[in-house]
Amino acid sequence: MENKKVMLSGIQPSGDLHLGNYLGAIKNWAARAEEFDCYYFMADMHTITVRQNPADLRRRTLEQLAQYIACGLDPEKNTLFIQSHVPAHAELGWVLNCYTMFGELSRMTQFKDKSAKHKDNINGGLFTYPALMAADILLYQPDFVPVGEDQKQHVELTRNIVQRFNGIYGDVFKMPEPYIPKAGARVMGLTTPDSKMSKSIPEGCVFLMEKPEDIQRKFKRAITDSDTENCVRYDPQNKPGVANLMNIYSAVTGKSFEEIEQEFAGQGYGKFKPAVGDAVVEVLRPIREEAQRILADKAYLEKVYTEGAQKASYVAGKTLRKVYKKIGFVAR
Ligand code: TRP
């Protein structure tokens, strides 16, 4: 463990996991377990920046953990935990709030978007959220933070905080690098191929736990092109819908774009779309079944998140103690 590079990421349990989360993030994380020392957490503290239904939040947090494991994140090889179980996040979050500038927070696009969307609840947490995210990251001294494009700005802000803090107190935090997956793994909405797959557009979003018939229906209704060519060809500029389906098909089957073009030569979208649907159904089937099995085993889940929080607290505690000492807090 000692010499492995550290990787950390979180997902907010504010919605059900979908194919974009799996292909763009979780699947790649699972493949890194041997090479890196990995920490993944359910960012429940972040979700309450937007009002949540308590029962749903609790259920989704556990479902998300079960789904992470079912997607291949082995709790023996990765540290999986629930953010609110490790109090150091809240503690360092407060400290870093005091090293994050109002102007910096004001420039965050996610804050601007979310405050425009939730005009009746523009709370302090929504604004200072990036300081908590910086704490999430820096507690574990990671080398890499795998995030989607939309979170890159927050990782950049974290880097500014590191520079500011280390500039005052010496080498306390390791400088983290954002780790953005290749464009190939970026899954777009089936009905909106110009924007990424999102739970907020459910018709174009394939959820991990969805029934095969529903998945098939969504693929059959996927947007292809407005052109009349009806030909499976990789051209993201002019045929973004087809390119997205090819990306998905390639990600789940391992076939190259040329192989896919050959496979469907002369067959048109009518054959292609259900074939992508079938391939996705087969990839998600064992994940769904495994997630359901794990979710039914409450004792196992509890063991995973309890042990995960213990391991995480140990590492996070070391960083927090160092920070407290540097800033002048009396040791407890
Ligand atoms: N902000 C991230 C999102 O909304 C989730 C998150 C919280 C996160 N803390 C993190 C991601 C730390 C990476 C590292 O998707």
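Modeller: A polar contact here is a pair of N or O atoms within 3.5 Å; within protein, one must be able to donate a hydrogen and the other to accept it. Keep in mind that this is a predicted model. By that rule, three residue pairs are in polar contact across the interface of domain 1 and domain 2, both partners at pLDDT 80 or more. Salt bridges across the interface of domain 1 and domain 2 number zero.

Now the side that domain 1 presents to domain 2. Helices α1 (19–30) and α3 (54–70) each give at least two residues to that side. The largest share comes from α1, with four residues. By type, the residues on this side of domain 1 are eight nonpolar, three polar and two charged.

Next, the extent of the interface. In contact are 13 residues of domain 1 and 16 residues of domain 2. About 1200 Å² is buried between domain 1 and domain 2. Carbon and sulfur atoms give 75% of that area.

As for the layout, domain 1 is made of two stretches, 5–185 and 297–327. Domain 2 covers 202–292. The centres of domain 1 and domain 2, taken over C-alpha atoms, are 31 Å apart.

One more site, the ligand. It is surrounded by 14 residues, and the closest are Q12, Y129, M133, D136 and Q151. The side chain of Q12 has an N or O atom 3.0 Å from an oxygen atom of the ligand. A polar side-chain atom of Y129 is 2.4 Å from a ligand nitrogen atom. For D136, a polar side-chain atom lies 2.7 Å from a nitrogen atom of the ligand.

Terms used: Residues are numbered from 1 along each chain as its sequence is written. This is a predicted model: local features need pLDDT of at least 70, side-chain atom pairs count only at pLDDT 80 or more; totals for chains, interfaces and linings use all residues. Side-chain values use heavy atoms; hydrogens and water are left out. Domain bounds come from an automatic or database domain assignment. Contact means heavy atoms within 4.5 Å. Buried area is the accessible area (1.4 Å probe) that two parts lose on being put together, summed over both. A salt bridge is a side-chain nitrogen of Lys or Arg within 4 Å of a carboxyl oxygen of Asp or Glu. Ala, Val, Leu, Ile, Met, Phe, Trp, Tyr, Cys and Pro count as nonpolar, Asp, Glu, Lys and Arg as charged, and the others, Gly among them, as polar. A residue is near a molecule or strand if one of its heavy atoms lies within 4 Å of it.
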